[in-house]
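My notes follow the order in which I checked them.

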Amino acid sequence: MNQDNYSSDPPMGQDPLVLLKTLELLWTKQELGKLKEEIRRGFARLEDPLAGLLAMLESSSDWKGRGHSLGYCITTELQLWIKAHPAVPQSSTKLKKLQARVLGMLSQCPTNLLDPLISIYQLHTADRNYLLEHVSHLYLQGNYKEAAILSIKLKLQPDQDVEKMCTPLLLQDKANLVEEYVAEYPELQRKLLQTLDTWCNPSFNIRDITRPYQGLSKYKPEKFNHRVLSKLVFRLLERFNVDSALCPNVINQRHLRTLKYLFYKRFVEKTMTEENWADHIQSTVGDNRWLQEQLVQLLLRHCDARGAARWAQCCRVPPEMLPQAVAEELQKLHIQDRVEEVTKAGNYEASRKKDYYQLPIPRENIHFLQTWEEMLQCWEKVLQPGQVVGVDMEWKPSFGMVGKPRVALLQLALKDEVFLLDLPQLLEQAEAEGEKEKLPHFIQMLYSDATITKLGYGMSGDLSSLAATCSALKDTEKQMQGVVDLLAVDKQLQWGKDSRKVDGLSPEHSHKERGVRQPEKGLSLLVQHVLGKPLDKTEQLSNWEKRPLREEQILYAASDAYCLLEIYERLCKDPESFGLSSDLTDSLVGKQSKKPRAKKHLNKQEAPSPSGQECQGPRTEPSRPPAPISPPAPISPQEFSVVCDNMLQGLGRYLRCLGVDVRLLDNEDDHRKAAEIARQEGRVILTSGLPYQTLRSQVGEGRCFSVNCSEKAKEQALQVLKHFNVQVSLGDIFSRCQVCNCNKYLKVSREGMKQLVESSKASGEHSAGCLGSQSCSVTVPDCDTAQPGCAPHSEQAEAMEQCGAAAVLAGDTVLQVTAIPLGVLDRAELTDFYCCTCCGKVFWEGSHFGRIVSQFQDVLVASGDTQSIYELS
């Protein structure tokens, strides 16, 4: 039976609800073929199929279900049927009535039904003001997501307030829906970005936005802060290709973080040269007066007045912006001072040459190429069958700014010479001559020629930046042959049996040097392992777009490419001593395109230390078996203080249970904050995985520890206690508040606590807030504690006066007594309660104490101390 027979002389006027019952029976039996036939036949019999569909949807609850429902099947079949059988046009009055009915359903229907219903009932032709009024009604009812989705489907965004529509979506962590809302409207994109940037002003109070929406379902205020908003702004700037000048607050804050990072590299880590540092400072600050003010403050923090004046002069800070003392020093500066500084710097640089890898070829064999005529000699020498070429690339550091980095320098190293290609200049010249494909053609020929061996380190990242620089090279990675990525090789090398394996320094370096130098990583560490000395990385973060390049930059760039040739040659001469197959074709060539398994081959720059190993400073490995190492002297939990990375909050809470002084990073905190806290407060960093390599270099020897992230929090705690030889006694258990880390308690008798609870309940106040506490929302391990809650300040104080205690502690902290279950207060064995003097949380001795004792009995020591487990203030 064909489709046309359905409409030939059908009995008109069938009741749509009778049809619905038939369809429901077929749907229940899952007879989908018969179901679709009956739907099409039924619509042919209906006097008004559009009204009939609404009647069926309104009478059935099935269509509200997600996914493939009966309602969805009926609706989509009607859509197909209408295309095959154009209906008689509806009168405008009748269509308006149907549109009004369907609009009332759209807020309840699943997303997959929106497009079919909008199409069937021609909602795009409906009165726009009526549609906007309907969406506004949804918004006022609190259906923000539904209002936004319907606006997108009906393309109503140009007539709406983008800030009003998007704010509640952001509060519900629906940034993806916000992006979709503005995706097709550049003007709305700019308005949204300007609004978000206003919110990112340091003086702006986020609470002003969040306050009207605090009753919102799925409200996630913790994900609505300056840091999260800043990341969102940068993502939107990049996605919509909007000029970043539209968002000055976010850009200034990112530049400020760059300044702080540069100051850290120059004055704390001391791994940047004066010239390199000054280049970046000048390009970051420019003529921005706000950034100039921040620069002056940072100079005063890291230098004396004379040093600040010298750098202010170098960075061209206007004299009127300088404090008087610095301005006076600026006037005293003479050219001779600068000459002496340069001489000192030159002497220092000469003295450090012996510590680093040096190019074995003369300076005149390094060629900086800026014209196509110069490129021809490079082309002829590089594109030779059997040639081995070291390839590297440099670009200006972005410091987190928008967009992918563009390659500024392409280095090609041969056995006797190195070519440095000024990529921006060469591309510009080729385009001016109408031959912009020349340079991409040369690069593609190089990478795709299987007879030429190309050596690199982390080639995928280099090629990604190359594609961002020149779109004609976007498929280079797919076409490349004969490449050896030494990063992949690095992950295969076995260093354990080789006496050349070291951690941060080659064996000849002194103990004094080991205390200052930063641990090597990445290519520099590989060069050290294979060739004996690391690379000098002081020019790594140079401004590679600035011309002319400094001599130090030229030598650094040439070394980065040439060292690849020497590593490859050494590995080829003696592969077995490095744990590689004697057939280097198996070990090196052809495997670099495969992504290594994370568990077996970790990048040496990113690899966490083995589980349970303390982060020691740089050291050499002795050639003979080391003498047994004595365990550290035992310490008590009171003598041990740590800061836990935000991935180890469970570990931190267990350690608090055992009396250890623990600072916990918040979820939004950067890992580097742990190092800042550790230095300021003398704490040990507990971390895991990738951040370990970064954090270990920022604190003293033995002050960073990597735990096994695959273990549960309890096993991690045991691992830490045993490694640092922390001796826990019964008196240490719960000696610290598990919420706020305080170790002072107020002791209240059971009868006194009963009076407090009854008094606070009589007041009728059941607020879950807690005055003076910053940690009431922290999740703690299961224990016998009152849940956060407090009574009003005045009533609480009055209750405490009645029982002779103080309800309001230092800093207006109120004891949290309203949530203590009455059953607990009736336990005869409980004579006292212990109240944290910092956050007011109430604890009592219960079954959790026994569980903690049994879980950590391996590290508990005998103690004759019979004092209560809580230290009283």
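I found Gln157 in the loop between α8 (144–154) and α9 (162–171); helices are DSSP runs of H or I with at least four residues, strands are runs of E with at least two, and both are numbered from the N terminus. The model is predicted, so local features need pLDDT of at least 70 and side-chain atom pairs pLDDT 80 or more, while totals for chains, interfaces and linings use all residues. Residues are numbered from 1 along each chain as its sequence is written, and side-chain values use heavy atoms, without hydrogens and water.

Is Gln157 buried or exposed? I noted Gln157 as buried because its relative accessibility is 3% (buried is under 20% relative accessible area, exposed over 50%, partly exposed in between, with a 1.4 Å probe and protein chains only). Leaving out residues up to four places away in sequence, I listed its contacts (heavy atoms within 4.5 Å) as Ser151, Ile152, Tyr181, Tyr185 and Leu188.

Next I looked up Ser230, which sits in helix α13 (residues 226–240). Ser230 is also buried, because its relative accessibility is 7%. Beyond neighbours within four places in sequence, Ser230 touches Cys200, Val250, Arg254 and Arg257.

Strand β13 (residues 832–836) is joined to β14 by two bridges, and Cys835 has Val842 in β14 as its bridge partner.

Methods. Two strands pair if DSSP finds at least two bridges between them.
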